[in-house]
Amino acid sequence: MRKKVIRLTAKKIKKRTRVAKKAAKQQKKSKNFYITTAIPYVNADPHIGHALEFIQTDCIRRYYQLLGCKTFLTTGADENSLKNVQAAEAKGVTPQELCATNAEKFRRLAISLGMEFDSFLRSSVPEAHFPGSQKLWKRCAKDIYKKKYKGLYCVGCEAFYTESELKEGRCPEHDRKPEEVEEENYFFRLSKYQKQLERLIRTNALRIIPETRKHEVLSFVRSGLEDFSVSRSTSRAKGWGVPVPGDASQIMYVWFDALNIYQTAVGFGTNEKLYNQWWPCDCHVIGKGILRFHAVYWPAILLSAGLQPPKSVFVHGYITVEGKKMSKSLGNVVNPVELIDRCGAERLRYFLLHLPAFDDGDFSERALVERTNHELVENFSNLFYRITYFIEKNFGGTVPKGRPGKNEKAVQRRFTETAAKKFTPAMESFRLHEALGHVMELSTELNKYFQNAKPWEHPRDGTPLYVSVNLLKDICILLYPFLPLTSERALKALGCGRDINAIGSLSLKPGHRIKSEKLFEKIEHKPAAMAAAPTEKAKSSGKETIRMARGLIPFEEFAKLDLRIGTITDVKDHPNADKLYVMQVDLGTEKKQIVNGMKGIYRKDELQNRQVIVVCNMEPKDFRGVRSDAMLLAADDGTLLVPVKPLISGMKVR
Ligand SMILES: [Zn+2]
């Protein structure tokens with residue numbers, strides 16, 4: 001009787017694996033997956049809310065990669081706003097300079113978070129974005145008409161508000177009074193599309209996730225849609241933006257062309273073949289504040305143009321900091337770049353992805369450190385090390401033979417079931433926090449199994465290790481969308497690839513070689529201000545005092561310097577200083593921006609592609625509004641120190 005039960009279960013597992021394989025195969029054949037982040041305004045530094053959205057988008061993209069889909073991710077910079085013209089004026093630079101500097105900060109944030117993108121499109125770059133935007137305008141021409149307009153305009157939002165939408169007369173996003181604006185503009189006949197939009201959203205042809213946002217949009221649509229303005233006078237916009245075809249007095253309203261970045265990034269107006277390959281977009285990831293633009297205006301524009309609307313819009317919440325809304329006036333804006341320097345991108349990804357995907361989530365650095373120490377180090381990383389180290393020590397680093405019994409098969413079954421019935425549905429509906437939770441449940445489950453099997457009491461019995469290392473592989477594969485670097489490192493140590501079809505199977509066969517690896521170590525919570533200050537202990541130590549008096553430093557102090565070979569990939573003039581350059585330096589796995597005073601000493605072309613020695617772990621410093629993340633070694637007269645032969649970027653210097 002007992003045997004029969006086991007056999008049946010094994011059969012079920014096989015069947016399930018077959019079904020999963022078939023589904024993955026179909027997906028592979030038929031599916032391209034196109035996803036976008038919202039395109040941030042680049043009039044200020046990126047904050048942790050941008051980091052959240054970048055990470056969520058990257059996580060979804062990587063999930064589809066895991067399924068074998070071809071994927072494309074677009075992000076970029078929304079630059080044609082009046083706000084940028086005003087900010088540039090205030091700083092005494094051109095809008096082009098301001099946008100280039102600011103967009104670079106977002107691009108660098110995306111890279112340092114491990115977000116893989118295929119296009120970073122800047123909307124003020126004419127050749128990339130203007131032809132497609134003018135093409136879109138022309139295709140909508142039948143629904144565009146001119147009229148005089150007077151309204152309340154928030155420059156922060158670049159949007160008109162009605163009295164009823166304001167909070168005590170102030171913009172709900174920016175808490176400031178909108179300006180009264182009167183001018184003759186072009187309008188888009190949004191009212192015409194009310195019925196069509198309603199149907200699109202109600203039937204989930206345009207899926208708005210979560211449901212609460214879907215209802216919010218539906219009730220907005222049902223309450224009646226008003227035509228909206230899609231141009232500005234060229235004079236008020238100071239000529240900054242995409243010109244309206246055939247009317248030099250008008251430029252396009254920033255939202256009209258900004259939404260179109262999603263199309264121009266995949267070749268709309270410039271490369272139709274690429275466009276047809278990727279459009280319609282599978283998913284726009286956005287914050288709740290810009291829902292209407294994405295779920296109402298944008299699909300209506302596309303319908304008018306005879307183009308397909310996106311398939312889904314995923315709406316995430318905002319991040320509060322220690323229970324409070326993030327704001328400049330409160331001084332609690334979290335800079336994600338500094339956070340990555342202190343805690344690492346993978347920890348930040350873990351923390352942000354564990355927050356409820358659809359609601360507001362709270363951030364504090366202490367919570368990040370505590371949660372990741374507990375869940376990543378104690379639950380997962382320690383388990384990974386214990387299992388791999390045990391195999392290394394007792395079986396010479398090769399997977400031992402084993403005979404999985406009833407107990408093992410039950411654990412294996414729970415893994416397969418969790419992957420198929422919990423993880424997959426959570427990912428497909430963008431409940432990323434739940435999906436991540438399920439992966440961590442598996443880690444807890446494996447911890448339990450390993451603990452109960454007590455392999456240290458029977459070091460010759462290979463069964464617990466054979467099974468454990470295979471289950472470990474499953475966890476590492478499922479972690480890929482969330483912690484791509486960790487997943488890659490772990491799978492490399494296990495000597496296997498990222499094959500989703502291998503989940504639930506004992507594909508790491510006896511004799512297969514693996515290596516032990518410590519994936520995470522605990523970190524301490526150090527507030528930013530304290531991290532830089534010397535500790536009490538160091539101050540009071542007598543030895544320290546003597547050394548400092550003689551101007552000597554111990555070797556450990558010198559070894560703290562992270563010196564590396566870098567290659568200068570770009571040199572620009574500093575927007576606000578005559579004597580400074582802003583350089584981009586490639587360090588192999590990352591790029592750093594360096595501001596320095598080489599301008600009077602070297603021409604730009606003398607520096608381009610030059611290899612240099614970079615001090616990588618400098619505290620970031622602001623030089624007249626531009627961040628410098630590192631410094632170059634140079635002699636006192638400004639002569640650059642360079643290697644005598646070409647080296648690999650990123651190589652350590654000792
Ligand atoms: Zn506003």
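## Getting started

Helices (H or I, at least four residues) and strands (E, at least two) are DSSP runs, numbered from the N terminus. The model is a predicted one, in which local features need pLDDT of at least 70 and side-chain atom pairs count only at pLDDT 80 or more, while totals for chains, interfaces and linings use all residues. Residue numbers start from 1 along each chain as its sequence is written.

## C59 in helix α2

Let us begin with one residue. C59 sits in helix α2. Is C59 buried or exposed? It has 25 C-beta neighbours inside 10 Å, so C59 counts as buried. The scale behind that word runs as follows: a residue is buried if 20 or more other C-beta atoms lie within 10 Å of its own, exposed if 12 or fewer, and partly exposed in between, with C-beta atoms placed from the backbone.

Leaving out residues up to four places away in sequence, C59 touches L353, L432, P481 and F482. Here, contact means that the C-beta atoms of two residues, placed from the backbone, lie within 7 Å. C59 and M427 are 368 residues apart in sequence, yet their C-alpha atoms are 9.4 Å apart in space.

## Helix α13 and its cover

Helix α13 (residues 345-354) is mostly covered, with ten of its ten residues buried. Among them are charged residues, including E346, R347 and R349.

Two packed helices are described by the angle between their axes and the distance between the axes. For α2 and α13, the angle is about 90 degrees and the axes are 10 Å apart. That makes α2 roughly perpendicular to α13. The axes are lines fitted to C-alpha atoms, for helices over the stretch in contact, and angles run from 0 to 180 degrees between N-to-C directions. Angles under 35 degrees count as roughly parallel, over 145 as roughly antiparallel, 65 to 115 as roughly perpendicular and the rest as oblique. On the α2 side the contact is made by A51, L52, I55 and C59, and on the α13 side by L348, R349, L352 and L353. By class, this contact has seven nonpolar residues, no polar ones and one charged.

## Where α7 meets α11

Helix α7 (residues 211-222) and helix α11 (residues 291-304) have axes that come within 11 Å and cross at roughly 55 degrees. The two helices are therefore oblique to each other.

R213, E216, V217, F220 and V221 of α7 meet L291, R292, A295 and V296 of α11. These residues divide into six nonpolar, no polar and three charged.

## The nonpolar cores

A nonpolar core is a set of buried Ala, Val, Leu, Ile, Met, Phe, Trp, Tyr and Cys residues joined through C-beta atoms within 7 Å. The largest such core has 142 residues, of which A51, I55, Y297, I387, V469, L472 and I475 touch the most other members. Helix α17 (residues 463-478) gives this core its largest share, ten residues. Setting aside neighbours within four places in sequence, L472 is in contact with F384, I387, L446 and L494. Another core, of 17 residues, lies apart and includes I568, V571, I594 and L632.

## Backbone details

Most residues other than glycine have a negative phi, and most peptide bonds are trans. Where does this model depart from that pattern? A cis peptide bond joins I209 and P210, with omega about 5 degrees, and P210 lies in the loop between β7 (207-209) and α7. The bond from W279 to P280 is cis too, with omega near 5 degrees; P280 is in the loop between α10 (272-278) and β11 (283-287).

D175, which is not a glycine, has a positive phi near 50 degrees and is found in the loop between β5 (159-161) and β6 (179-188). K238 has a positive phi of about 55 degrees, in the loop between β9 (231-233) and β10 (250-252). With 14 other C-beta atoms within 10 Å, K238 is partly exposed.
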